[in-house]
Amino acid sequence: MKLIVDNMSCQHCVKAITKAINDVDPKAKVTVDLAKREVNIENGTISQEAAIAAVDEAGYQFVGIAY
């Protein structure tokens, strides 16, 4: 799944979002593309709702789903 997330601008943001998602699903592979504002989550069992909640709790704004 690919989430579009606002307010990401640096490697600290990447680490914070990756940690937030991995705290919910340690097996998820998280990659972040700052230029596209995309968070890609693979190989995990985290639900879309849980991923959005984790991003929100980390202090970032979920905008939508990327296809």
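1. L34 is partly exposed, because its relative accessible area is 25% (buried means under 20%, exposed over 50%, and partly exposed in between, with a 1.4 Å probe and protein chains only). L34 is placed in the loop between strand 2 and strand 3; strands are DSSP runs of E with at least two residues, helices are runs of H or I with at least four, and both are numbered from the N terminus. Not counting residues up to four places away in sequence, L34 touches M8, S9, C10, Q11 and V14, contact being heavy atoms within 4.5 Å. Between the C-alpha atoms of L34 and C13, which are 21 residues apart along the chain, the separation is 8.9 Å.

2. The model is a predicted one, in which local features need pLDDT of at least 70 and side-chain atom pairs count only at pLDDT 80 or more, while totals for chains, interfaces and linings use all residues. Residues are numbered from 1 along each chain as its sequence is written, and side-chain values use heavy atoms, with hydrogens and water left out.

3. Strand 2 (residues 29–33) pairs with strand 3 (residues 38–42) in the antiparallel sense over 5 bridges; pairing requires that DSSP find at least two bridges between the strands. V30 stands opposite I41 in strand 3. The two strands form a hairpin with 4 residues between them.

4. R37 lies in the loop between strand 2 and strand 3 and has a positive phi near 60 degrees, although R37 is a residue other than glycine. Most residues other than glycine have a negative phi. R37 is partly exposed, with a relative accessible area of 34%.

5. Where does N43 lie? N43 is in the loop between strand 3 and helix 2, and its phi is positive, about 60 degrees, although N43 is not a glycine. N43 counts as exposed, because its relative accessibility is 65%.

6. N40 belongs to strand 3 and is buried, with a relative accessible area of 15%. Not counting residues up to four places away in sequence, N40 touches M1, K2, K29, V30 and T31.

7. Helix 1 (residues 11–24) and helix 2 (residues 48–57) pack at an angle of about 135 degrees, with their axes 9 Å apart; axes are lines fitted to C-alpha atoms, for helices over the stretch in contact, and angles run from 0 to 180 degrees between N-to-C directions. The two helices are therefore oblique to each other (under 35 degrees counts as roughly parallel, over 145 as roughly antiparallel, 65 to 115 as roughly perpendicular, and the rest as oblique). In helix 1, I17, A20, I21 and V24 meet A50, A54 and V55 in helix 2.
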